[in-house]
Amino acid sequence: MRIVFFGTPEFATPPLLALLGEGHDVIAVVTQPDRPRGRSRSTLDPSPVKVIALSESIPVLQPERPRGPEFEAAMHDLAPDISVVVAYGCILPREVIDMPRLGTLNIHASLLPEYRGAAPIQAAIRDGVTETGVTIMQMVPALDAGPVILALRTPIESDETAGELQLRLAELGAEALIEALALISIGKASPAPQNDALATYAKKIARADARLPFDAPSDRVARIVRAYDPKPGAWAELNGLEVRCFGAQDVPDRAGAAGEVLEAGDRGLVIACGEGAVRIAEVHPAGQKRIAAAEWARGRGVRVGDRFS
């Protein structure tokens, strides 16, 4: 099959590498335009998917938006049998979705119809669910609503961060994609419609979503820290300065006023919650690097009785 691959971030690289490793004919990659980095914004960084494509001499398309006569003409000229979309970053119009002979597949990092939307991995950890997975679906012009071809499940570990889970789901997605393409190639795929009544949504993360609610129970606070690790980082303020927190452990047998520092020592910070407390192993103060909470507390003079808000 002639495959056009749409993808941009690191999460999309294992599926692309799996396609190449299995000998599939990836005829082009569509990825986001190179983005500026650094304070001067003068250097443009290619996406991780583009880096792989160039190393494999695969043609790369980088439209600002994957629509319009010029892009559609380029797709027509490629004449793909199927397209695969993994965290591309733009909504595809129906004309592009339906153009390949076998349609367009999408890898989504949840067990659809649960957690449709932009941030399913973070939402699953934040909400404390114990199992997630990846879904291979046929794309339609609606948010993650297409028929399901295949889903693979995996447990969420009790101390797993979003970054760690994302790495595992990227590999699981690669496995699921290869299996789904095999089913399609032998005519054994049986796409099943999703039950829209069971759909839940994981919206794009806003800054306010990552603010730590220390008045909540400690297990929820710890999950929020893990959900936004490494990005954007769950945050709170101490003496008016923003501090992002990482490496949270639930300490249910400690108590104090919500946000109060109960311990500041070699084992990090223990901060009281509405019920229980959390131990924070690392912090990322505004304008600084991510460091051990104990080191930061010594340098900033953080003391028992100080209060995060």
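**Stop 1: the largest pocket.** Start by selecting Pro9, Ala87, Tyr88, Gly89 and Ala118. Of the 47 residues that line the largest pocket, these five lie nearest its centre. Keep in mind as you look around that this is a predicted model. The space in the largest pocket comes to about 1700 Å³. Now colour strand β7 (104-108), helix α5 (120-127) and helix α6, the elements that each give two or more residues to the pocket's lining. If you colour the lining by residue class, you will find 29 nonpolar, 11 polar and seven charged residues.

**Stop 2: a cavity.** How many cavities of 30 Å³ or more are there? The count comes to one, and the largest cavity has a volume of about 40 Å³. To see what surrounds the largest cavity, select its lining: Ser110, Leu111, Glu114, Tyr115, Ala124, Val129, Glu131 and Thr132. Sorted by class, the lining of this cavity has four nonpolar, two polar and two charged residues.

**Stop 3: helix α1 against helix α6.** Two packed helices are described by the angle between their axes and the distance between the axes. Select residues 13-21 for helix α1 and residues 162-185 for helix α6; they pack at about 40 degrees, with their axes 8 Å apart. That angle makes α1 oblique to α6.

Next, show the side chains where the two helices touch. From α1, pick Pro14, Pro15, Ala18 and Leu19; from α6, pick their partners Ala170, Glu171, Ala174, Leu177, Ile178 and Leu181. This contact between α1 and α6 is made up of nine nonpolar residues, no polar ones and one charged one.

**Stop 4: helix α1 against helix α2.**

In the contact of α1 with α2 you will find six nonpolar residues, one polar residue and no charged ones.

Key: Residues are numbered from 1 along each chain as its sequence is written. This is a predicted model: local features need pLDDT of at least 70, side-chain atom pairs count only at pLDDT 80 or more; totals for chains, interfaces and linings use all residues. Side-chain values use heavy atoms; hydrogens and water are left out. Axes are lines fitted to C-alpha atoms, for helices over the stretch in contact, and angles run from 0 to 180 degrees between N-to-C directions. Helices (H or I, at least four residues) and strands (E, at least two) are DSSP runs, numbered from the N terminus. Angles under 35 degrees count as roughly parallel, over 145 as roughly antiparallel, 65 to 115 as roughly perpendicular and the rest as oblique. Contact means heavy atoms within 4.5 Å. Ala, Val, Leu, Ile, Met, Phe, Trp, Tyr, Cys and Pro count as nonpolar, Asp, Glu, Lys and Arg as charged, and the others, Gly among them, as polar. On a 1 Å grid over the protein atoms alone, a cavity is a set of points where a 1.4 Å probe fits but cannot get out, and a pocket is an open set with protein on both sides within 12 Å along at least five of seven lines; lining residues have an atom within 4 Å of a point. Grid points are joined across faces, edges and corners, and a volume is the space filled by probe spheres set on the points.
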